[in-house]
Amino acid sequence: MDLKELLGEELYNQVIAKAGDKHKIALVSDGAWIPKDKFNEVNEAKKKLEGDLSERDKQLADLKKDAGDNEALKEQISKLQESNKEAADKYAADVRELQLNTALKLALGSDVHDADYAISQLDKTKIEIGEDGSIKAGLEDQVKSLRESKAFLFAEKQENTGPTFKGAKPAEGGRGSGEGDPVAAEISSIFSQR
């Protein structure tokens, strides 16, 4: 469903008139827009990969230097293979943790006051995420129990659909008729005597 179908023809045209740039609206409407959390996730993964690549290039350069001694070379290769396997495992765990945290932040959204603290209270080992980065299972029960045990973490949902006003409240009663005001009552009685 695109933005025009969602808003309706009249409201969509009002939004376009106010926004001015149809291209910006089209990006949001057709789904090409990417949430900031998803962008940060991909950006962090890219930085990590670039760092790993430069480290491996350095390792290969060191390996070329030691190519003269065959036994030392075999030993160094086995050490590099072990360290590269450990680095790959750590990277996979870091990416999974980053994806899980991003999915949890998007799922909890504005329901919580502090998403990072709320996420730290969850058992992440019981939460499953899908290929698309959405949460498949394990979150609903934990959020329900967290709502009961630590309700202060969650924002209250406001059921009021009408506008709310803040500020001074106007005086009660009929000032014009003189009810409740002794000065107005006396003035009214003076004028009624004439």
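The dialogue below works through several features of a predicted model.

User: How many helices and strands does the chain have, and in what order do the elements run?

Analyst: The secondary structure comes to eight helices and two strands, and from the N terminus on the elements run α-α-α-α-α-α-β-β-α-α.

User: What is the average pLDDT of the chain, and which elements have the lowest and the highest mean?

Analyst: Where pLDDT is low, the predicted coordinates should not be read in detail. In this chain the average pLDDT is 76, with 77% of the residues scoring at least 70; among the elements, helix 3 (residues 22-29) has the lowest mean, 56, whereas helix 7 (residues 140-149) has the highest, 84.

User: At what angle do helix 4 and helix 5 pack, and how is that angle to be read?

Analyst: An angle over 145 degrees counts as roughly antiparallel. Helix 4 (residues 36-65) and helix 5 (residues 70-108) pack at about 175 degrees, with their axes 10 Å apart, and helix 4 is therefore roughly antiparallel to helix 5. Sorted by class, the residues in the contact of helix 4 with helix 5 are eleven nonpolar, six polar and ten charged.

User: Where does I127 lie, and does it count as buried or exposed?

Analyst: Residues under 20% relative accessible area count as buried. I127 has its place in the loop between helix 6 (115-120) and strand 1, and I127 counts as buried because its relative accessibility is 1%. Leaving aside neighbours within four places in sequence, I127 is in contact with R96, L100, L104, L122, I135, A137, G138, L139 and Q142. One of these contacts, G138, is eleven residues from I127 in sequence, and the two C-alpha atoms are 4.4 Å apart in space.

User: Where is G133, and which residues does it touch?

Analyst: G133 sits in the loop between strand 1 (128-129) and strand 2 (135-137), and G133 too counts as buried, because its relative accessibility is 17%. Not counting residues up to four places away in sequence, G133 touches K38 and A103. From C-alpha to C-alpha, G133 and L100 are 7.7 Å apart in space, although 33 residues separate them in sequence; L100 is also among the contacts of I127.

Note on methods: Residues are numbered from 1 along each chain as its sequence is written. This is a predicted model: local features need pLDDT of at least 70, side-chain atom pairs count only at pLDDT 80 or more; totals for chains, interfaces and linings use all residues. Side-chain values use heavy atoms; hydrogens and water are left out. Axes are lines fitted to C-alpha atoms, for helices over the stretch in contact, and angles run from 0 to 180 degrees between N-to-C directions. Helices (H or I, at least four residues) and strands (E, at least two) are DSSP runs, numbered from the N terminus. Angles under 35 degrees count as roughly parallel, over 145 as roughly antiparallel, 65 to 115 as roughly perpendicular and the rest as oblique. Ala, Val, Leu, Ile, Met, Phe, Trp, Tyr, Cys and Pro count as nonpolar, Asp, Glu, Lys and Arg as charged, and the others, Gly among them, as polar. Buried means under 20% relative accessible area, exposed over 50%, partly exposed in between (1.4 Å probe, protein chains only). Contact means heavy atoms within 4.5 Å. pLDDT is the predictor's confidence in each residue, from 0 to 100.
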